[in-house]
Protein chains: 2
Amino acid sequence: MVTIKDVAKMAGVSPSTVSRVIKDHDGISAATKKKVRKIMEESGYAPNIAARNLVTNQSNTIGLVIKSGMHEVNLNPFYSEVNLGVSEACRKEGFSTLTTSATDDASLLAEVKELISSRQVDGFILLYSKEDDPIAAFLSAAGFPYVVIGKDIHNDREAIYVDNDNIQAAVSITELLIGKGYSKITMIVDNDVFAVARDRIRGFEMAMHEAGLSAMGRVVKCGDDPRSISDMLKSLFEDGGPEALLTLDGVLNARIISHLYQMKIRIPADVATATFSDSLLTKFAAPPQTVVDIFPEELGKEAGNEIITLIRDEDKLKRIITVPTRIIERRSTQKEEGR
Amino acid sequence: MVTIKDVAKMAGVSPSTVSRVIKDHDGISAATKKKVRKIMEESGYAPNIAARNLVTNQSNTIGLVIKSGMHEVNLNPFYSEVNLGVSEACRKEGFSTLTTSATDDASLLAEVKELISSRQVDGFILLYSKEDDPIAAFLSAAGFPYVVIGKDIHNDREAIYVDNDNIQAAVSITELLIGKGYSKITMIVDNDVFAVARDRIRGFEMAMHEAGLSAMGRVVKCGDDPRSISDMLKSLFEDGGPEALLTLDGVLNARIISHLYQMKIRIPADVATATFSDSLLTKFAAPPQTVVDIFPEELGKEAGNEIITLIRDEDKLKRIITVPTRIIERRSTQKEEGR
């Protein structure tokens with residue numbers, strides 16, 4: 001194994017000069033940097049990452065913080081794809097990742113603190129955004145680098161946010177449904193606490209209002225258990241029922257169309273369906289579902305790149321990065337064919 | 001921040017003694033160890049992981065190697081769940097993970113070699129098992145620690161394998177279908193190269209043979225494009241068609257039932273369906289699908305624990321760990337109700 005000392009000898013400089021070249025120090029001339037780098041390359045010198053981490057006092061690891069209270073959240077394809085994007089961005093820059101495992105706010109906060117004090121991570125990505133979050137509050141107060149995938153709901157923190165424009169996404173998909181001739185549209189949600197849910201509901205209501213269809217639009221909330229979904233759908237379709245259903249996300253959508261199948265309600269012949277967040281759950285559904293693709297992998301990649309930049313340059317300014325969305329039309333809203 | 005020097009001063013010993021206590025060296029008396037540890041605890045000393053890694057020459061990072069040629073593979077819920085299990089096991093032991101990004105065998109091998117030479121990982125988990133795999137061959141020859149999630153197809157390597165018994169899983173699900181009165185059963189597969197596919201096909205054929213139904217059982221292979229699936233299903237259902245379909249895995253199953261919906265073939269009234277690998281794709285399908293649950297998160301956890309043990313004890317013997325499977329019956333095979 002070629003060492004720093006070997007490289008120094010070959011280049012005719014001191015080992016500390018080589019070390020400074022590796023760190024891209026300002027005090028070294030461009031000519032020396034070029035010479036040393038050439039020798040490093042030719043000699044096959046591979047820096048010992050643990051040694052470099054000690055010098056730079058970095059772990060080259062990013063901590064992913066998962067919403068407390070939800071282990072299952074990871075099974076949502078949205079998070080798998082975000083994870084994929086984060087890993088890719090990190091891998092390219094020589095960073096690895098670890099994921100928190102605590103399931104309540106208090107132990108999650110303890111876990112985050114321990115990861116910082118043992119210097120196991122250089123920064124965090126929060127995979128959620130919610131009001132009064134103790135983790136974000138702590139990181140913010142401690143001045144520790146973090147990026148949030150989600151909405152900037154506070155406006156006063158020096159954090160970086162990576163998000164979609166969920167209001168606009170909801171407006172677009174609602175306008176698509178209206179444009180296809182549906183007017184009696186019901187939006188089904190299973191939570192209205194997280195920022196993303198609130199924004200999608202708001203966008204739906206805005207578009208219905210804009211089209212003069214406020215009286216035809218309804219937002220219905222269901223619980224998490226199958227019985228609550230089944231009861232809600234039965235009462236919804238008792239007399240007439242809506243012409244189209246817009247669901248809060250792809251997982252809820254799958255649950256809804258699974259129940260509709262059981263109720264022998266055909267899509268799109270009897271009711272059209274559309275949702276947010278594309279995945280295998282919507283692409284290979286029966287029938288394939290019209291969705292707003294929110295590009296979770298892009299959200300992950302952007303968050304990964306941002307946190308690494310932030311770690312390298314702590315003076316980086318707060319910013320909000322908005323990842324675009326696009327509508328994918330599939331059979332679930334093809335009115336003509338169904339009827 | 002309390003340093004090793006501070007602890008040494010407080011304990012009245014040299015810094016190197018403290019360092020040896022941290023590494024649990026044999027040359028230090030039990031009394032000294034006890035005293036130093038007490039002071040470390042009281043003073044709130046947190047070891048610098050980068051420093052410890054340098055001393056132990058470890059990165060405390062596990063590399064996950066993804067099948068070459070498949071970026072999309074990561075979208076299969078099976079891999080997301082395996083990942084979840086690996087992350088959990090690693091996190092508990094203070095390890096982080098990184099995932100390879102190369103998409104062909106040659107650059108994947110180069111990536112693996114570079115991760116080793118730059119000491120970025122202490123060991124690998126291969127998320128697949130295939131014949132003549134250059135990565136496994138290289139790691140094996142280099143004596144670098146690795147664990148395979150998949151079948152021990154070689155028998156001559158000193159590796160650890162974590163897998164399900166896929167032959168037995170296929171026998172069980174086929175027997176379930178036969179027990180429910182289905183005899184004309186078709187198994188649909190989209191690959192027959194990987195060990196897992198071969199074993200599931202073999203189990204299906206064994207169970208059909210055992211029941212004296214070999215003449216009624218068929219294995220049909222389809223391509224990856226929607227047209228190939230659609231053509232295959234059309235010809236399959238042209239005259240009569242099978243009473244039950246067994247698909248190779250949950251993703252293929254979703255694609256098949258999406259096409260059946262379009263063809264207005266009802267499940268289970270017109271045909272029963274069953275598959276392998278439980279996920280949201282099967283649980284929230286229209287209708288919910290009968291599956292063999294193969295516990296991907298358990299596979300991941302076991303692999304994570306095994307690789308860490310292997311890193312810590314290189315003399316660990318080769319072994320095969322078999323994670324059990326279980327059948328979950330859902331509406332897709334409820335014959336009575338459907339007809």
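Which residue lies over the face of B:Tyr261? In this predicted model, where local features need pLDDT of at least 70, side-chain atom pairs count only at pLDDT 80 or more, and totals for chains, interfaces and linings use all residues, side-chain values use heavy atoms, with hydrogens and water left out. Residues are numbered from 1 along each chain as its sequence is written, while chains are lettered from A and ligands numbered from 1 in the order in which they are written.

The residue in question is A:Arg266, at 4.1 Å from the ring centre of B:Tyr261. On the ring of A:Tyr261 sits the charged end of B:Arg266, 4.2 Å from the centre. Such a charge counts as over a ring if NZ of Lys or CZ of Arg is within 6 Å of the ring centre and within 35 degrees of the ring normal.

A search of the whole structure finds five aromatic pairs over all chains (Phe, Tyr or Trp rings, the six-membered one for Trp, with centres within 6.5 Å; stacked under 30 degrees between planes, edge-to-face over 60, tilted for the rest). One of them joins A:Phe124 and A:Phe144, tilted at 5.7 Å and 50 degrees. A:Phe124 belongs to strand β3 of chain A and A:Phe144 to the loop between α7 and β4, so the pair ties together parts 20 residues apart in sequence (strands are DSSP runs of E, at least two residues; helices of H or I, at least four; numbering is from the N terminus). Both A:Phe124 and A:Phe144 are buried (under 20% relative accessible area, with exposed over 50% and partly exposed in between; 1.4 Å probe, protein chains only).

A:Tyr261 and B:Tyr261 form another tilted pair, 6.1 Å centre to centre with 40 degrees between the planes. This pair crosses between chains, from helix α11 of chain A to helix α11 of chain B, and both tyrosines, A:Tyr261 and B:Tyr261, are buried.
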